Amino acid sequence: MSGDQPAPDRILQLIFGYWATGILGTAASHSLFTHLEHGVDTADRLADRAGISVRGAQALLDGLVGLELIEVRDGSYRNTAEASAFLVDGLPTSLSPFAVLKMGHMGSLAGLPDAVRAGGPATVATVEVADNPHWEGLVQAIAAQSVPVAAIAAGLLGLAGAGEISILDVGGGSGVYSGIWLGLNPLARATQLDWAPINSIARRLLTARGVADRFTTVDGDLHTADLGTGAYDLAVYSHIAHQEGAEANTAVFARLRSALRPGGTLVINDYIVDDDRGGPPFALTFAGEMLLKSKQGATWRRADYAAWLAKAGFDDVTFHPTPSPATLVFAR
Ligand SMILES: C[S@@+](CC[C@H](N)C(=O)[O-])C[C@H]1O[C@@H](n2cnc3c(N)ncnc32)[C@H](O)[C@@H]1O
């Protein structure tokens, strides 16, 4: 085929794309990257250490080499730098729990044609159900994505030296922002609003980080809970806007404007789409996930955030790319 002719390779890779999710999720579920990191480097030894078959270990190793997550030389395998940084168990940045979680979601994609036809989930919208067990796995798995973002936001906002600040995290999940920010600033205090079972996970994790004495939780629904008035210097709304529609986001932003002190900052973090809907790829693709799981959610454009925030009373809005697929928004 001449260089100018389209080739089918990329489309075939997309058709078989679910294999990447399966191989990565399976390797993560058997802690393969962790064993490799500890120097266990052949199929036989990995099979023994992970308690899996030699044939299975070899198939996983071949798949991982194909996915360029590990390297092989003279029959000895090792992690790439990327796998060492993001797939070894126990690291705060480990995406392995997320890989296992998403592998478990693959079956739900069979419902996408119906969701596309109907304009939403055929049965229950996962994200709108309080106390949904979905959250319990998700919030702990997603925390690794928020770790670098929380650190970047802290740097940009000068949080470490900001003194006695008060933080409100709406839908805080694992408490990842509070954990990192309270760790950086010993005078800061944080309040998290979330469902009760999720708040207990956050309290457990922040106790382990030694900052729980400055961390309060409020159990409730973010659409209706009392957020207070003029009580906070910072509010966080991370990975929530994509599950909500325009009206709900605008209403929460207006309540957060009132909850903040004058000059306080609302920090939004989400997968945000360019105004012409031409990119970035991850945010564009994630819209399908929200179609499948929510009644009103989507990945929203910068222009949407700017319009909703202006309507809610914020007059200074800035966007900051991060090394994750998400963008930070600061609104004052
Ligand atoms: C995708 S997670 C994001 C967690 C965290 N903010 C982060 O960025 O890592 C969404 C969080 O919002 C919470 N949540 C979703 N809908 C909610 C609602 N209506 N009221 C309170 N919390 C809600 C979920 O329990 C979950 O902790």
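Where is Q140 found? Q140 is found in helix α9. The model described here is predicted.

In sequence Q140 is 68 residues apart from V72, and the C-alpha atoms of Q140 and V72 are 32 Å apart in space.

Helix α9 covers residues 133–157 and gives the most to the shell around the ligand, with six residues. In total, 19 residues surround the ligand. The closest of these are G171, G173, L222, S238 and H239. By type, the shell divides into 10 nonpolar residues, seven polar and two charged.

**Domains**

The domain assignment gives two stretches of the protein: domain 1 is 9–89 and domain 2 is 108–331. The centres of domain 1 and domain 2, taken over C-alpha atoms, are separated by 33 Å.

**Helix pairs**

| Helix pair | Axes come within | Crossing angle |
|---|---|---|
| α2 (residues 17–29) and α5 (residues 54–66) | 10 Å | roughly 125 degrees |
| α12 and α14 (residues 302–311) | 8 Å | roughly 45 degrees |

Why do α2 and α5 count as oblique to each other? Their axes cross at roughly 125 degrees, and angles from 65 to 115 degrees count as roughly perpendicular while those over 145 count as roughly antiparallel, so α2 and α5 are oblique. In this crossing α2 passes α5 in a left-handed way.

For α12 and α14 the angle is roughly 45 degrees. Angles under 35 degrees would count as roughly parallel, so α12 and α14 are also oblique to each other. Here α12 passes α14 in a right-handed crossing.

Helix α12 spans residues 246–259, and S258 lies in this helix. S258 counts as partly exposed because it has 13 C-beta neighbours inside 10 Å, and a residue with 12 or fewer would be exposed. S258 and L292 are 34 residues apart in sequence, and their C-alpha atoms are 33 Å apart in space.

**Backbone features in loops**

Most residues other than glycine have a negative phi, and most peptide bonds are trans.

S31 lies in the loop between α2 and α3, the latter covering 32–37. Is S31 buried or exposed? With 20 C-beta neighbours inside 10 Å, S31 counts as buried.

D74 is exposed, because 4 other C-beta atoms lie within 10 Å.

P280 has its place in the loop between β7 (260–270) and α13 (281–293).

Key
Residues are numbered from 1 along each chain as its sequence is written. This is a predicted model: local features need pLDDT of at least 70, side-chain atom pairs count only at pLDDT 80 or more; totals for chains, interfaces and linings use all residues. A residue is near a molecule or strand if its C-beta atom, placed from the backbone, lies within 6 Å of it. Helices (H or I, at least four residues) and strands (E, at least two) are DSSP runs, numbered from the N terminus. Ala, Val, Leu, Ile, Met, Phe, Trp, Tyr, Cys and Pro count as nonpolar, Asp, Glu, Lys and Arg as charged, and the others, Gly among them, as polar. Domain bounds come from an automatic or database domain assignment. Axes are lines fitted to C-alpha atoms, for helices over the stretch in contact, and angles run from 0 to 180 degrees between N-to-C directions. A crossing is left-handed if the near helix is turned anticlockwise from the far one by less than a right angle, and right-handed if clockwise.
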